Amino acid sequence: MKKLMKGNNALAEAAILAGCRFFAGYPITPQTEILEYLAKNLPERGGHFVQTESELAGINMIVGAAATGFRAMTSSAGPGFSLKQEGISYLCSMELPAVIVDVMRYGIGLGNIVLGQGDYFQAVKGGGHGGYKVPVYAPSSVQENVDYITLAFDTAEAYRTPVLLLSDGAIGQMAESVELPEAKEHDPDKYDWTLKGRDAAHPTGRKMTDRIYYDFKYNEYDPHIRERYGKMEEELQKWEEIELADAEVILVSYGISSRVCKEAVKLARRKGWKVGMIRPITLWPFPKKAFEKTNQTAKAYLSVEMNACGQMVEDVALYGRGVSVYSYPSGRVIADPEVILQKIAGIFDGTEKEVF
């Protein structure tokens with residue numbers, strides 16, 4: 001059965017249905033509805049909700065809940081997401097599954113409560129200290145908020161890693177028709193690595209067997225990390241392809257900006273222009289397999305994202321080897337399909353300036 005739901009509310013409901021039973025977080029626009037929804041509904045469904053005194057407290061409570069095997073989640077936006085980075089780094093070092101939601105807004109600094117996609121670097125490049133990666137799913141609709149929050153929990157446990165869901169203010173605040181999944185039951189004791197209380201079998205309690213760097217011999221840890229993230233990079237790439245068979249100019253975009261790009265592709269095709277699109281669904285691992293195919297035929301990539309300077313464009317240039325790369329960072333406003341068409345025309349006639 002379909003329901004009309006706001007993006008943040010749909011995400012929160014989907015988290016409950018996915019078996020999330022612990023949430024700790026702090027309000028900040030434009031994700032506060034997630035807290036409001038869970039504050040009412042999570043305790044009624046057998047879960048625990050904590051509004052913390054800060055984002056720092058929220059992410060560290062998630063570390064504790066994840067260690068016991070519960071499906072745990074926190075959410076934030078902008079500067080609040082920045083404050084969670086050390087805790088995310090600890091989740092990675094302890095190899096604990098958890099889900100972190102970032103409903104992006106415009107930055108820098110405190111930023112502004114208007115729409116934006118300014119957290120790409122922080123999400124994709126490892127915003128905390130140390131060498132690590134975090135799988136990042138980027139929904140482009142309210143339905144995908146639902147679908148990918150479920151996938152995020154499954155991925156987190158399959159690879160014992162925190163997973164980010166990188167939404168944005170537009171998707172969080174809009175209302176669309178959604179199909180909700182069936183509820184999942186989750187057993188927090190089913191994994192042998194989870195903390196468990198004292199019992200007859202373990203009279204002194206159970207020590208955590210999480211693999212953190214000081215549990216390894218000096219020369220073993222780095223190979224373990226490289227193998228771990230190499231496996232994720234190979235297995236988790238996910239993307240959407242549109243009109244790529246003969247595309248000479250390929251738009252690359254995610255989240256709310258990708259919806260505008262889909263319209264731009266339609267308008268370009270009506271003009272007879274050979275334009276296609278790659279929509280990364282996983283921002284890490286970036287879908288390099290898509291680019292390995294299109295690098296042979298494309299003449300140009302145009303990265304479209306909603307921030308001041310362009311961030312994802314650097315990954316487009318990294319994987320779009322041998323192909324000219326252009327950028328349209330739309331700033332604090334959603335990209336305009338007519339502006340995209342102007343830039344495509346400039347690429348074809350040579351007047352648009354390359355970025356890489």
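I count a charge as sitting over a ring if NZ of Lys or CZ of Arg is within 6 Å of the ring centre and within 35 degrees of the ring normal. The model is predicted, so I take local features only at pLDDT of at least 70 and side-chain atom pairs only at pLDDT 80 or more, while totals for chains, interfaces and linings use all residues. Residues are numbered from 1 along each chain as its sequence is written, and side-chain values use heavy atoms, without hydrogens and water.

**Charges over rings.** I looked up Arg332 and found it over the face of Tyr106, 5.4 Å from the ring centre. Lys271 has its charged end over the ring of Trp273, at 5.5 Å from the centre.

**Ring pairs.** I pair rings of Phe, Tyr and Trp (its six-membered ring) if their centres lie within 6.5 Å; planes under 30 degrees apart are stacked, over 60 edge-to-face, the rest tilted. I find 10 aromatic pairs in the structure. Tyr229 and Trp284 are edge-to-face, because their planes stand at 80° with the centres 6.2 Å apart. Tyr229 is in helix α9 (residues 221–235) and Trp284 in strand β12 (residues 282–284), so this pair ties together parts 55 residues apart in sequence. I take helices (H or I, at least four residues) and strands (E, at least two) as DSSP runs, numbered from the N terminus. Tyr229 and Trp284 are both buried (under 20% relative accessible area; exposed is over 50%, partly exposed in between; 1.4 Å probe, protein chains only).

**The cluster.** Phe286, Phe291, Tyr301 and Tyr319 are linked by ring pairs into a cluster. Phe291 counts as buried at 0% relative accessibility. Tyr301 is buried, with a relative accessible area of 0%.
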